[in-house]
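Here are my notes from a pass through the model, in numbered points. Have a look at the coordinates first, then see whether you read them the way I do.

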Amino acid sequence: MIADVQIAPLYQRPDLAHVTAALFRDIWPDHYGSDGRGDAQADLRARCRPTGPPSALVAFTADGQVVGSVSMERHSYGSGPDEEPWLIGLCVRPDMRGAGLASRLVQELERHAAAQGHVHLYTTTHTATGLLKRLDWAPLRNFDADGVQWNVMHKSV
């Protein structure tokens, strides 16, 4: 099933923005849910552009089901001066996890960033450190916030 998944820049598939916003609300209800301060539709509208940051990639099936996404932004949680751009918002629908889709999304964003002339990518995570290390991302620094250990990582692209 994972072989049937396509990945494209969101600007090429703006028809999938609404479904991607629903995925964001499901994955991050504290931020994008009804009580959250985030606006998934607004964030995706800002990322629906051919170059960036900001920009987004979306993973989808032939019947238009969005199964994952990843974005590139200028700054993110834990960003420092002269660190840009940032990989953010990596998500895969729960029933699609474990089949390599997150790796494909990260690698596609790396190519997307390199094609736009970026030399490095950065990210902050507390859940995807192992995945990113397998993809040759290196630890840059760690910090603790509200009892969560965050890892800032980077990669030359």
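**Notes on the model**

1. I'd start with Glu83 and Arg141, which form a salt bridge with their closest N and O atoms 2.8 Å apart. Glu83 sits in the loop between S3 and S4 while Arg141 belongs to strand S6, so this pair ties together parts that lie 58 residues apart in sequence. Keep in mind that this is a predicted model. On the accessibility side, Glu83 is buried at 9%, whereas Arg141 is partly exposed at 29%.

2. How many salt bridges does the structure hold? The count is 7, and two others deserve a line here. Asp95 pairs with Arg93, with 2.6 Å between the closest N and O atoms. Asp95 is exposed, with a relative accessible area of 55%, but Arg93 counts as buried at 18%. In general terms, side chains of opposite charge can pair when their charged atoms come close.

3. The other one is Arg111 with Glu108, a salt bridge at 2.9 Å, N to O. These two are 3 residues apart in helix H4 (residues 101-115), so about one helical turn separates them. Both ends are partly exposed: Arg111 has a relative accessibility of 48%, and Glu108 has 28%.

4. Most residues other than glycine have a negative phi, and most peptide bonds are trans. Asp82 is exposed, at 78% relative accessibility. Then the peptide bond from Glu84 to Pro85 is cis, with omega near -5°. Pro85 lies in the loop too, between strand S3 (66-73) and strand S4 (86-92).

5. Where else would you look at the backbone? The bond from Gly52 to Pro53 is also a cis peptide, and its omega is near 25°. Pro53 is in the loop that runs between helix H3 (40-47) and strand S2 (55-60). Asp136 is found in the loop between helix H5 (129-134) and strand S6 (138-145), and it is exposed with a relative accessible area of 61%.

6. On to the packing. Which residues have the most contacts inside the largest nonpolar core? They are Ala59, Leu101, Leu105, Val106 and Trp137, in a core of 22 residues. S2, S3, S4, H4 and H5 are the elements that give two or more residues to this core, and H4 supplies the largest share, 5 residues.

7. Leaving aside residues up to four places away in sequence, its contacts include Leu87, Val106, Leu121, Leu132 and Met153. Glu110, Thr123, His154 and Lys155 are also among the residues Trp137 touches.

8. There is a second, separate core of 15 residues, which includes Leu10, Leu16, Leu23 and Val58. Leu23 leads us to helix H1 (residues 17-27), where the buried residues are Ala17, Thr20, Ala21, Leu23 and Phe24. Viewed down the axis of H1, these fall within an arc of 155°, so they line one face of the helix. On the other side of H1, His18 and Asp26 are exposed. What do the buried residues of H1 pack against? The partners are helix H2 (29-32), H3, S2, S3 and S4.

9. Last, the cysteines. The disulfide count comes to 0. Cys48 is partly exposed, at 27% relative accessibility, whereas Cys91 is buried, with 2%.

Methods
Residues numbered from 1 in each chain as written. Predicted model: local features only at pLDDT ≥ 70, side-chain atom pairs only at ≥ 80, totals over all residues. Heavy atoms only, no water. Helix = DSSP H or I, 4+ residues; strand = E, 2+ residues; numbered from the N terminus. Buried < 20%, exposed > 50% of the residue type's maximum accessible area, 1.4 Å probe, protein only. Salt bridge = Lys/Arg side-chain N within 4 Å of Asp/Glu carboxyl O. Core = buried A, V, L, I, M, F, W, Y, C linked by side-chain atoms within 4.5 Å. Contact = heavy atoms within 4.5 Å. Arc of directions from axis to C-beta. Disulfide = S-S within 2.5 Å.
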